[in-house]
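Hello,

Here is the structure we talked about handing over. My notes follow below it.

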Amino acid sequence: MEKRNNKKVIIKVSNLSKSFNNNIVLKNINFQLLEGESLAIIGASGSGKSVLLKNIIGILQPDKGSIVINDTEMVNLPRNLKEKLLLDLGITFQHGALFDSLKNWENIIFKTANKEKINNKQGKQLAFSIIKQLGLQPKILDLYPSEISGGMQKRVAIARAICGNPKILLFDEPTSGLDPVTGSLIDQLIKTAVKTVGGSAITITHDMASVCRIADKVILIDKQTISWTGTPKEMFNSTNKKIQEFIKPINSEIFFK
Amino acid sequence: MLNFFLEFLGATGKKFINFVANIGHFFIFFGSAIYWVFKPPWYLKKIFQQIIDIGYFSLPVVGLTTFFSGMVLALQTYNGFTDFNSETTVARIVLTSITRELGPVLTGLMVAGRIGAKMAAEIATMRVTEQIDALGTLGTRPMQYLIAPKIIASLICIPLLVLIGNTIGILGGYVIAIYKLNFNPSLYLYATMEYLQLIDIIQGTVKAAIFGLIISMVSCYFGYNASKGAEGVGFATTSSVVISSVMILTSTYIITALFFG
């Protein structure tokens, strides 16, 4: 296992490039996610953050470059091995991607139910134990995703991602569309998940308050490449123009006092 | 002028290459889907849900269509054959037309409109809302979980629907023959039974199974490869119904030619 600063390298992305029909979206992306680290990826809309995440989880194939997860090269990995590797990951998609035809509790335990035999009662109990942490009412368990609000759907998607305590968590805009209180709750949950399970997380977000709360390290994607890397505190002292544009709307004192 | 001609050639060539690529893509999808139909584990709950959806809920529309087709057929045939031994001729024509062609084709077209559109829209929506991507990250193969149950259920249900539709269609002809055209019920039934042949039933069932495969494959293919949000869902739905219907009408000729040609 590759190590850096005495910590295991969980995800290593090297020289990753991706384009669609000659339109370059990502160019020579390099970064590492260490064990127990929470990494936030920021960038303007359309800068390729979600594309990067989709490359990491194998939904998209990079044009070139390497993605190593837990010492296994993901690019060109046979499908069955890729699926095995993905079972150790908890992923939320930008728009939730909950299964419309399943009830919320079935959505939450979907991966666990695939791995082990679980009856309805156990499944509901497991789902309930997770949604409690997310401030959701038990009554939503028996409803379908279309019967709950967008914010609730987002939280159910997060519940699905953290069900089974995966050690690698990947969140695509987990707090967008949520009120500040719930957003803060989700941030707390991400932090707790990383600390208690000893896991690592990558969070794509536009919410700078959220970045300050959850991130150990921040990456800015701009003009197809990583244009800045640092800690949230360093972000506020940065002279990078794009970073300054991002932090302008918030008052740093609120978060660091 | 030359530039215009070259541009025209280029555009036509591009469309042709896309067309051939799509056909190749479809056959790769077809092969993969067939593999997953036979590969355990099977999602029995999903298959059962599909059987209810495709089979049970299609019964009213298939029943109505074939019943009225049988009625129309009896009336039209009678008008053309009034001077002959009508009981025998009407019964025979209703029976043969329904079991060989109208039963399977009308059932196929109705199911393509009802179920094909639904399958395509459902899968396309799942595609554009990243649900299919999510399935892949949750330890489930979309082809096995989403597509295979639909194909298995179609292969089971559509032949059964055709058999039921045939019976209802023949009943429709009987109702008109007896209650409107005043035929002798015993003679009409005797003629129907006399001309009922196993080969017609077999041919109708084979057609139905092939239609089931066409409808489920085409609909799942267009749904699975949908893109561009709501517009993509609309395109997938329309294409699946149109192409399934055209393929049903084309294949019915080929199967008939193989059986009776």
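**What was found**

This is a predicted model. I start with the contact between the chains. On chain A, 15 residues are in contact with ten residues of chain B. Three elements of chain A give two or more residues each to that side: α2 (79–86), β7 (89–92) and α4 (110–115). Of these, α4(A) gives the most, with four residues. By class, the side of chain A that touches chain B has ten nonpolar, two polar and three charged residues.

Next, the domains of chain A. Domain 1 covers 3–88 + 167–256, and domain 2 covers 100–165. Their centres, taken over C-alpha atoms, are 25 Å apart. Twelve residues of domain 1 are in contact with eleven residues of domain 2. Helix α7 (residues 180–197) gives the most to the domain 1 side, with six residues. That side has nine nonpolar, two polar and one charged residues.

Last, helix α5 of chain A, residues 120–133. The helix has 14 residues and reaches 21 Å from its first C-alpha to its last, close to the expected 20 Å. Which of its residues are buried? They are K124(A), A127(A), I130(A) and I131(A). Seen down the axis of α5(A), these fall within an arc of 130°, so they line one face of the helix. Their cover includes α3 (104–108) and α6 (150–162) of chain A. The face turned away from the buried side carries the exposed residues K121(A), S129(A) and K132(A). Just after α5(A), G135(A) takes a positive phi of about 70°.

Best wishes

Methods: Residues are numbered from 1 along each chain as its sequence is written. Chains are lettered from A and ligands numbered from 1 in the order in which they are written. This is a predicted model: local features need pLDDT of at least 70, side-chain atom pairs count only at pLDDT 80 or more; totals for chains, interfaces and linings use all residues. Domain bounds come from an automatic or database domain assignment. Two residues are in contact if their C-beta atoms, placed from the backbone, lie within 7 Å. Ala, Val, Leu, Ile, Met, Phe, Trp, Tyr, Cys and Pro count as nonpolar, Asp, Glu, Lys and Arg as charged, and the others, Gly among them, as polar. The expected span of a helix is 1.5 Å times one less than its number of residues. A residue is buried if 20 or more other C-beta atoms lie within 10 Å of its own, exposed if 12 or fewer, and partly exposed in between; C-beta atoms are placed from the backbone. The arc is that of the directions from the helix axis to the C-beta atoms.
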